[in-house]
Amino acid sequence: MKKTLAVLLTTSSLLATTAVAQSLDLEKEDLTLGFIKLTDMAPLAVAYELGYFEDEGLFVTLEAQANWKVLLDGVISGELDGAHMLAGQPLAATIGYGTEAHIITPFSMDLNGNAITVSNEIWEEMRPHVPLMDDGRPQHPISASSLAPVVEDYLDRGEPFNMGMVFPVSTHNYEIRYWLAAGGLEPGYYSEQDISGQISADVLLSVTPPPQMPATMEAGTIFGYAVGEPWNQQAVFKNIGVPVITDYDMWNNNPEKVFGITAEFAEENPNTTIALTKALIRAAIWLDENDNANRPEAVEMLSRPEYVGADYEVIANSMTGFFEFEKGDVRPAPDFNVFFRYNATYPFYSDAIWYLTQMRRWGQIGETMSDEWYFETAADVYRPDIYLEAARMLVDEGMADEADFPWDSDGFKSPTPAEDIIDAIPFDGRAPNAYIDSLPIGLKSGQTVIDGEVQG
């Protein structure tokens, strides 16, 4: 595996040197890119509005999509040339979970950006179980152990406890499951026969498109949800719900969305792929530079109906370094949205491996796989070689700083320490099976789900 990574990174360096010596001859100039109405689509909007795509000779149309499945299908069919994607989508498609297609990512779009919100009614039931600070405000991060007595009351009455997430292979699905399990609640399993994800569940999780989350909760169909911004802050502004934890507090600087294209597109359009990646890197740099000084301008862009279409104040609540929990309880959150710093745009293999471990943990990957399988799958989807080629060109063109890129990385981050994760269990992408087996709730090595039961 190390030899494979070394070859990839060495090849990228050689390719980059050649590419800078000549202008890119684009195979395809007119592109249609998809996105979902979330603030973390910002690199696409910025690259379009500031002319970064055009600087690369690209003429881009951005199209909002109805939901994540429609978006993925559009990329696979070629109706879309690429898209803002859930990080789990390229991985799931490539391993054949759901729709099968080889999707790759040369660019990670952001870190953090999500939260878990509960309805006002559920919050009032949770609140007696939440520790308070000296000033009487809730102490954050709030553990799902504060929700557990509420769920138990519902189950004792024979009533289902329903919550929402945006897609079966979404970060939000894995984050809400992680949070629930860390608080001692069973979020349910998947099997080949039952893809509901609700096998043996204390909390029943179901899919709701992001913009519909607040209204679905307000209608009482779900009692809470995990979603990206601005749909948690929207609940606060509408006075219908309370965010109880951000994903930054759940797993400090966790990976979020990616930019996805088919492997076929990248193979047929290598220079276009590099040009796209260059434009997106520039956009990410702009979003984070000078301590987020450009964020108000970005929020103005995103508030337009063709992008996110939420009120400026709602989007600004999280994008400009703060996050509001209960109405009036505004707390500093400078890293709630990270687009470039901390190597946010580099597609780390270890990020891919975390998603794969969560698919295995909850039964979407039905059998134990070797560590090598995780490494190979990650390298098949996440493409730091393309990313570094684009980055090298930007540096040589004076558009980026040499020091801002992890040129010597082997594709793995340093292990995430226990203190940065809600359940205090460290994560090391180099040891996926040991990590899976260290988690108290979830499938372990040798276990599978058959006929609605965990066996093995």
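Trainee: What makes N112 count as buried or exposed?

Mentor: This is a predicted model, and in it N112 has a relative accessibility of 0%. Buried means under 20% relative accessible area, so N112 counts as buried. N112 is found in strand β5, which covers residues 111–112.

Trainee: What is said of the phi of N112?

Mentor: Phi of N112 is near 65°, a positive value in a residue other than glycine. Most residues other than glycine have a negative phi. A424 also carries a positive value, with phi near 60°, and is likewise a residue other than glycine.

Trainee: How do you know whether N239 is buried or exposed?

Mentor: N239 has a relative accessible area of 53%, and exposed means over 50%, so N239 is exposed. N239 lies in the loop between α10 and β10 (241–246), and its C-alpha atom is separated by 8.7 Å from that of E326, a residue 87 positions apart from N239 along the chain.

Trainee: What makes E229 count as buried or exposed, then?

Mentor: E229 has 1% relative accessibility, and the cut-off for buried is under 20%, so E229 counts as buried. The place of E229 is in the loop between β9 (224–228) and α10 (231–237). Leaving aside its neighbours within four places in sequence, E229 is in contact with L38, T39, G113, S318, F323 and F336. The C-alpha atoms of E229 and S318 are separated by 7.5 Å, although these residues are 89 apart along the chain.

Trainee: What kind of peptide bond joins E229 and P230?

Mentor: A cis peptide bond joins E229 and P230, with omega about 15°, and P230 has its place in the loop between β9 and α10. A cis peptide bond also joins H140 and P141, where omega is about 0°, and P141 has its place in the loop between α6 (120–126) and α7 (148–156). Most peptide bonds are trans.

Trainee: How do you know whether L31 is buried or exposed?

Mentor: L31 is at 2% relative accessibility, and buried means under 20%, so L31 counts as buried. L31 is found in strand β1 (residues 30–35). Its contacts, leaving aside neighbours within four places in sequence, are L58, F59, V60, T61, D81, F265, T272 and L276. The C-alpha atoms of L31 and G429, by comparison, are separated by 34 Å, and these residues are 398 apart along the chain.

Trainee: Which residues touch the most other members of the largest nonpolar core?

Mentor: The largest nonpolar core has 146 residues, and L44, F53, L147, F161 and I281 touch the most other members. Helix α13 (residues 270–292) gives the most to this core, with eleven residues. Apart from it lies another core, of five residues, among them F323, F325, A333 and F336. In soluble globular proteins, nonpolar side chains tend to be buried together.

Trainee: What is F53 in contact with?

Mentor: Leaving aside its neighbours within four places in sequence, F53 is in contact with L33, L44, A47, Y48, L58, V60, L276, A279 and L280.

Trainee: Which residues of helix α17 are buried?

Mentor: In helix α17 (residues 371–381), the buried residues are Y374, F375, T377, A378, A379 and V381. The buried residues of α17 pack against α5 (88–95), β4 (103–108), α16 (349–361) and α19.

Trainee: How many helices and strands does the chain have, and why is the chain called as compact as a globular protein of that length?

Mentor: The secondary structure of the chain comes to 19 helices and 16 strands. The radius of gyration of the chain is 21 Å, which is close to the 23 Å that the globule rule gives for 456 residues, so the chain is as compact as a globular protein of that length. Of the 456 residues, 59% count as buried. Among the contacts with a separation of 6 or more, residues 24 or more positions apart account for 73%.

Note on methods. Residues are numbered from 1 along each chain as its sequence is written. This is a predicted model: local features need pLDDT of at least 70, side-chain atom pairs count only at pLDDT 80 or more; totals for chains, interfaces and linings use all residues. Side-chain values use heavy atoms; hydrogens and water are left out. A nonpolar core is a set of buried Ala, Val, Leu, Ile, Met, Phe, Trp, Tyr and Cys residues joined through side-chain atoms within 4.5 Å. Buried means under 20% relative accessible area, exposed over 50%, partly exposed in between (1.4 Å probe, protein chains only). Helices (H or I, at least four residues) and strands (E, at least two) are DSSP runs, numbered from the N terminus. Contact means heavy atoms within 4.5 Å. The radius of gyration is taken over C-alpha atoms; the globule rule is 2.2 Å times the number of residues to the power 0.38.
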